[in-house]
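Reader: I would like a close look at one part of this protein and at what surrounds that part. Please keep the account plain.

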Amino acid sequence: MQLPQRVVVGALVVPAVLASVGLAARPTPAVPPGQLVFAVRASEIVLAGTAASAGERQEVVDAVRALTAAHRITDVITPDAGEHVPVSPAVAVSLLAAVLDHDVTDFTGVVRGKHLTASARVADPERAGALSDALRSAAPGLRVDEDFTTTG
């Protein structure tokens, strides 16, 4: 496996699979909702998931690009998947802004339906608490499950 493939697997596939395992134990509706995965890795933001159309996908990508010029945006959202992005572009940007405002450089979030599964490495418990509060404030309609690891 070449390095770019390892990066994609490590940054997107593994966290998405782990997050979906936690979601699989809960009953799902007859029509499963779309999914949006966003990962912040140092100076890159990776967006993945499904969108009902190319236009819907582009709205999310453009909103994230408008949020930050300091990060490279990698878009692997699948358009025309028949499933809408589970949150509006404004909510996606609000969640990412909460992450970036707290100087988190290792974060993965999976939004599926009305649920956000968040994983991050943060410097200390105080910053973990502040990030937790910020994520809940950024998207009050989402249930937030978090797994934060402190490095200090």
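Which residues of α3 are buried?

Author: The model is a predicted one. In it, the buried residues of α3 are Ala92, Val93, Leu95, Leu96, Ala97, Ala98, Val99 and Leu100. The rest of this answer starts from that helix and works outwards.

Helix α3 covers residues 89–101.

Leaving out residues up to four places away in sequence, Leu95 touches Phe38, Val111, Leu116, Leu135, Ala138, Ala139 and Leu142. Leu95 is also one of the residues with the most contacts inside the largest nonpolar core, alongside Phe38, Leu47, Phe107, Leu116, Leu131 and Leu135. That core has 37 residues. Its largest share, seven residues, comes from α3.

At the end of α3 the chain passes to Asp103, which follows the helix and has a positive phi. Asp103 lies in the loop between α3 and β4. Its phi is near 55 degrees, a positive value in a residue other than glycine. With a relative accessible area of 61%, Asp103 is exposed, because the cut-off for that class is over 50%.

Ala42 is not a glycine, yet has a positive phi of about 55 degrees. Its place is in the loop between β1 and β2, and at 51% relative accessibility Ala42 counts as exposed.

Helix α2 has 14 residues and reaches 20 Å from its first C-alpha to its last, close to the 20 Å expected at 1.5 Å a residue. Its buried residues are Glu56, Arg57, Val60, Val61, Ala63 and Val64. They cover an arc of only 160 degrees around the axis, which puts them on the same side of α2. An α-helix has 3.6 residues a turn, so residues three or four places apart point the same way. What covers the buried residues of α2 includes β2, β3 (72–78) and α3.

At 17% relative accessibility, Thr50 counts as buried, since the limit is under 20%. Apart from its neighbours within four places in sequence, Thr50 is in contact with Gly34, Gln35, Ile77, Thr78, Ala81, Glu83, His84 and Val85.

Strands β4 and β5 run antiparallel and are joined by six bridges. In that pairing, Thr108 has Ser119 of β5 as its bridge partner. The hairpin of β4 and β5 has two residues between the strands, and Gly113 takes a positive phi near 65 degrees there.

β5 also pairs with strand β6 (residues 143–150); these two run parallel, with eight bridges between them. Within β6, Thr150 is the bridge partner of Val122, and Phe148 stands opposite Ala120. Together with α4, strands β5 and β6 make a right-handed β-α-β unit.

Helix α4 contains Ser137. With a relative accessible area of 59%, Ser137 is exposed. The C-alpha atoms of Ser137 and Ser94 are separated by 9.0 Å, although the two residues are 43 apart along the chain.

Some totals put the helix in context. The protein has four helices and six strands, and along the sequence they follow the pattern α-β-β-α-β-α-β-β-α-β. Buried residues make up 42% of its 152 residues. Of the contacts between residues at least 6 apart in sequence, 75% join residues at least 24 apart.

Key
Residues are numbered from 1 along each chain as its sequence is written. This is a predicted model: local features need pLDDT of at least 70, side-chain atom pairs count only at pLDDT 80 or more; totals for chains, interfaces and linings use all residues. Side-chain values use heavy atoms; hydrogens and water are left out. The expected span of a helix is 1.5 Å times one less than its number of residues. Buried means under 20% relative accessible area, exposed over 50%, partly exposed in between (1.4 Å probe, protein chains only). The arc is that of the directions from the helix axis to the C-beta atoms. Contact means heavy atoms within 4.5 Å. A nonpolar core is a set of buried Ala, Val, Leu, Ile, Met, Phe, Trp, Tyr and Cys residues joined through side-chain atoms within 4.5 Å. Two strands pair if DSSP finds at least two bridges between them. A crossover is right-handed if, with the strands pointing away from the viewer, the path from the first strand over the helix to the second runs clockwise.
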